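Okay, thanks everyone, I'll keep this short. Let me put it on the screen.

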Amino acid sequence: MQLHEYIGFDGLGLAQLVRDGAVSAAELHAVAVRAMHAVNPQVGAVVEHWQEDQAGLDGSAPFAGVPFLIKDVAVTMAGRRSEYGSRLGAGHVAAVDSHLMTQLRRAGFTTFGRTGTPEMAFATTTEPVLYGATRNPWNLALSAGGSSGGAAAAVAAGIVPLAHATDAAGSIRVPAASTGLFGLKPSRGRVSNGPAMDEIFSGLGVQLGVSRTVRDSAALLDCVQGVLPGEPYVTSAPGHSWLSQVGMAPGKLRIGVQRAAANGARPVPAIDTALAETVRLLEQLGHHVEAAAPALGVSWDGFVQANARIWCANLVPWIDALAQESGRAISPATLEASTLACYHYGQTVSAVDFVAALDARNTVTRHAGAIFGQYDVLLTPTLPDLPWQLGRYGENEAALDGLGWTARLFEHSPYTPLANVAGLPAMSVPLAQSSDGLPIGMQFMAAYGNDATLLRLAGQLERAAPWVQRRPPVWAGTREN
């Protein structure tokens, strides 16, 4: 198979070729490695790759033989490094497969590498000291987003058709919007974080992936949904496949449009124009669309503080365990300034502070429930701005404490954290581009458990305004390698 052929298929399309005998898993692996060598020196998406053992591959699996990449956090593959994007965790090798990794194997993926993440996944850009910045395939001077920036850059540049990603405050949706991909954050409790991990950031974090097509993300959710006995959050699977929902009409939806973010930020003109164009498209498709101004139930400062307390308190035992395992000291030599600040802030969070943060989470969740008593879907821009220049996110980071770093993260991505706090499904859909060709994502959010509503709408939007043929300047199929 040639590169120009490989990049023309999504994951399900490649798997069908394997089932039909038109190509082997070994051939797909070889072409994916060629794609990686063609573009990874420019984008820095893949931090490690290996020759995957395909013994026992089930040729009838949904993604049989499809090359795949896992993020360097939250999922473990036995015998492979899991370093959390950190010098503190450098060289750490996972002893066992996590449950999600087991599900990915059963799905038929041939996982051959790890993608870059910011240290401890604590940013919505991907610029770690350990492996360096991941660059946006649409403009190498710009961020690919984060914390799943490596995954997004790999998919957007054509290395793989879809890749593993996680999301605790927008880390699937932000990089998807930044690189022109589809990114679905499923409802809390659909995908396992076990067995070693309990509640990622007290239930704020979930796992799935980023993809070029809606159907790949839907089929991925079919493959990996389901949790282990004893997990703290369990959201039952529906009586239908998620893939089946992509081709179904969503019906006439009541859609609320939130223009200004909860912190008062308004989108820049390019994003505002894209939002208006999205509203017109939705109306043409028969949906009822009206302006909305949903309330969080707490002040913006209170919202940021609650998240900072939950995030940073959770970070402390995570970092302590890494230090113990590695034998390295927790210091500026092993942790970046922002991570160290968040670690120290987490140490100051008392049990009473933490419970108060969970109470704020409850308030926000109840208000979110009220929003979806009025609307089927909430539409916002995924981001208020176009992708930032590399380096901008970390300016003066040494002067920030953990609360200040969290505030910066939320300033960059103020529309996305609500879905994590309330456990709601949300997606970024690449519906627009700026005048200079940069991708723009629109976020759609639905009530808890209503992932199917989003997938039906996503399928409708993909058919009405297809995006899959858009190609960034850095693209594996630009020339044969």
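So, this is a predicted model, and I'll start with R254, which counts as partly exposed at 36% relative accessibility. What does R254 pair with? Its side chain meets that of D376 in a salt bridge, 3.1 Å from N to O. That one joins distant parts of the chain: R254 is in strand 9, D376 is in the loop between helix 12 and strand 11, and they're 122 residues apart. D376 is partly exposed as well, at 25%.

Next one along, R259 and D272, with the closest N and O atoms 2.7 Å apart. Here R259 sits in the loop between strand 9 and helix 9, and D272 is in helix 9 itself, 13 residues away. Again partly exposed: 35% for R259, 22% for D272.

Now, buried or exposed for R114 and D72? Both are buried, and they form a salt bridge at 2.8 Å. R114 is in strand 3, while D72 is in the loop between strand 2 and helix 4. These two also belong to a salt-bridge network with E48, R81 and E83. Overall, the structure has 13 salt bridges.

Last stop, R190, in the loop between strand 7 and strand 8. This arginine counts as buried because its relative accessible area is 4%, and the cut-off is under 20%. So where does its side chain go? It makes a polar contact with the side chain of D451 at 3.1 Å, and it reaches the backbone oxygen of S236 at 3.0 Å. R190 also touches, among others, V224, Q225 and W242. Q225 is 35 residues off in sequence, yet 5.3 Å away, C-alpha to C-alpha.

Methods. Residues are numbered from 1 along each chain as its sequence is written. This is a predicted model: local features need pLDDT of at least 70, side-chain atom pairs count only at pLDDT 80 or more; totals for chains, interfaces and linings use all residues. Side-chain values use heavy atoms; hydrogens and water are left out. Helices (H or I, at least four residues) and strands (E, at least two) are DSSP runs, numbered from the N terminus. Buried means under 20% relative accessible area, exposed over 50%, partly exposed in between (1.4 Å probe, protein chains only). Contact means heavy atoms within 4.5 Å. A polar contact is a pair of N or O atoms within 3.5 Å; within protein, one must be able to donate a hydrogen and the other to accept it, and residues adjacent in sequence count only if both atoms are side-chain atoms. A salt bridge is a side-chain nitrogen of Lys or Arg within 4 Å of a carboxyl oxygen of Asp or Glu. Lists of a residue's contacts leave out its neighbours within four places in sequence.
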